Amino acid sequence: MEVLAALNLGEIAQTFSKMGMFPVFDLAYYIVSILYLKYEPGSVEVSRRSPVASWLCAMLYCFGSYILADIMLGHSPVDYFQHNSHILLASAVWYLIFYCPLNLFYKCVAFLPVKLVLVALKEVVRSRKIAAGVHHAHHAYHHGFFIMVIVGYVKGSGVALMANFEQLLRGVWRPDTNEILNMSFPTKASLYGAILFTLQEAHILPVAKSTLILCFTLFMATSKVVMTARHSHGSPFALIESWVCHFLFGSALGGGEEDHHAAPASPLKTKEELSEGARKRKTKKAE
């Protein structure tokens, strides 16, 4: 306790929770999101053939969670587009990643050390979005705990949940990549985070919101940075999930491990693999 008091954890958490996300953190969020879009098969071709479709896909990657959450709460799905500065910033990032001469901007942000920093900053935004989603749902449905969880979950992983719709804009239809069927680590973490923030909002979890935001952000940022650095698509929850699912659902994960690995992976799970594949193809073409 003396160590925690010396570190002034409460003050650090308060300061951290009040930090503005725009423009630095939001910029990192947009860069990583659109970087993942460029990793998608066929996205570069779409950007050349139909820049409007490519821009719409980029906007979904950046603001899909806001759109989906607004629809669920009965607001206009275009409500977030009133924030001109955010739209312009995301559009500038989209243009630089897809159309910068010699791919210079893409090469800079895809450089692993730079990318690790951007990934960490993106998780700060994700954590804040989950907390904000739960808070907004709490105001609309004071005792609707399930609604709070769902809205917080959507705010944290709405982009992944809208992946099939985004694919349609690129002329692709892959229902087997449904994020509900093949949940990636960020999607699972968003769900677990939404549950924690809901418990805190309902005063069941005896911890300050600022402290919870700080701890959850540190966990998310650390996990994603390590996974990105190791090009890993595993999950820190895998062992616990396997044990719990085996106990509750008769080996839902443990017994179906081979089928799980054999199933087609979600695009959001294989970004680094797609990136490496694209780079290798470009190298072969250059040779």
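A salt bridge is defined here as a side-chain nitrogen of Lys or Arg within 4 Å of a carboxyl oxygen of Asp or Glu. The structure is a predicted model, in which local features need pLDDT of at least 70 and side-chain atom pairs count only at pLDDT 80 or more, whereas totals for chains, interfaces and linings use all residues. Residues are numbered from 1 along each chain as its sequence is written, and side-chain values use heavy atoms, with hydrogens and water left out.

Five salt bridges are counted by this criterion. In one of them, Glu123 and Arg126 pair at an N to O distance of 2.7 Å. These two residues lie three positions apart in helix α8 and are therefore separated by about one helical turn (helices being DSSP runs of H or I with at least four residues, numbered from the N terminus). Glu123 is buried, at 1% relative accessibility (buried, under 20% relative accessible area; exposed, over 50%; partly exposed, in between; 1.4 Å probe, protein chains only). Arg126 is likewise buried, at 8%.

Arg170 and Glu40 form a further salt bridge, with their closest N and O atoms 3.7 Å apart. This pair joins distant parts of the chain, 130 residues apart: Arg170 lies in the loop between α10 (163–169) and α11 (185–201), and Glu40 in the loop between α3 (24–39) and α4 (43–49). Both Arg170 and Glu40 are buried. Together with Glu166, they are linked in a network of salt bridges.

Glu201 and Lys209 also form a salt bridge, the closest N and O atoms being 3.1 Å apart. Glu201 is buried, with a relative accessible area of 11%, whereas Lys209 is partly exposed at 25%.
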